[in-house]
Amino acid sequence: PGALEHYDFGLEGWDAKPMRAKVAAHGLAITPGSRGDDESFKFNDPDGFVVQVNGPGYKGHVGEPVKKG
């Protein structure tokens, strides 16, 4: 059986700078070795899971973005 390595959220209206500030405000840190640019970064949630956040245009998603409407 496989194991969960991380989970990923593609966020509409993505802006990396305020997202980094929100992560820091919760006492969390960007994962060392994370891409860490304006497209995507990872951090560990309070339970230790690796979370990746990025804009919906990030190249690297397995699936396609969900269309509204």
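Biologist: Which side chain makes a polar contact with the side chain of Asp45?
Modeller: The side chain of Tyr7 does, at 2.8 Å. A polar contact here is a pair of N or O atoms within 3.5 Å; within protein, one must be able to donate a hydrogen and the other to accept it, and residues adjacent in sequence count only if both atoms are side-chain atoms.

Biologist: And what kind of model is this?
Modeller: This is a predicted model, where local features need pLDDT of at least 70 and side-chain atom pairs count only at pLDDT 80 or more, while totals for chains, interfaces and linings use all residues. Residues are numbered from 1 along each chain as its sequence is written, and side-chain values use heavy atoms, leaving out hydrogens and water.

Biologist: Back to Asp45, then. Where does Asp45 sit?
Modeller: Asp45 is in the loop between β2 and β3 (50-54). Helices (H or I, at least four residues) and strands (E, at least two) are DSSP runs, numbered from the N terminus. The side chain of Asp45 also reaches the backbone nitrogen of Asp47, at 2.8 Å.

Biologist: Is Asp45 buried or exposed?
Modeller: Asp45 is buried, yet has no salt bridge. Buried means under 20% relative accessible area, exposed over 50%, and partly exposed in between (1.4 Å probe, protein chains only). A salt bridge needs a side-chain nitrogen of Lys or Arg within 4 Å of a carboxyl oxygen of Asp or Glu. The nearest side chain of opposite charge is Lys42, 14 Å away; Lys and Arg count as positive, Asp and Glu as negative, and His and the chain ends are not counted.

Biologist: What about Asp38, buried or exposed?
Modeller: Asp38 is exposed, with a relative accessible area of 58%. Asp38 lies in the loop between α1 (16-25) and β2 (40-44). Not counting residues up to four places away in sequence, Asp38 touches Trp14, Ala16 and Arg20, where contact means heavy atoms within 4.5 Å.

Biologist: Let's switch to the rings. How many aromatic pairs are there?
Modeller: The structure holds 4. Rings of Phe, Tyr and Trp (its six-membered ring) pair if their centres lie within 6.5 Å; planes under 30 degrees apart count as stacked, over 60 as edge-to-face and the rest as tilted. Trp14 and Phe41 form a tilted pair because their planes are at 45°, with centres 5.8 Å apart. This pair links distant parts of the chain, 27 residues apart: Trp14 in the loop between β1 (7-10) and α1, and Phe41 in strand β2.

Biologist: Which residues do ring pairs link into a cluster?
Modeller: Tyr7, Phe9 and Phe49.

Biologist: And which residues make up the largest nonpolar core?
Modeller: That core has 8 residues: Trp14, Ala16, Met19, Val23, Phe41, Phe43, Val51 and Val53. A nonpolar core is a set of buried Ala, Val, Leu, Ile, Met, Phe, Trp, Tyr and Cys residues joined through side-chain atoms within 4.5 Å. The elements giving two or more residues to this core are α1, β2 and β3, and α1 supplies the largest share, 3 residues.

Biologist: Last one: where is Gln52, and what does its side chain contact?
Modeller: Gln52 is in strand β3, and its side chain makes a polar contact with that of Asn54 (3.4 Å). Gln52 counts as buried because its relative accessible area is 5%. Beyond four places in sequence, Gln52 touches several residues, including His6, Phe9, Phe41 and Tyr58.
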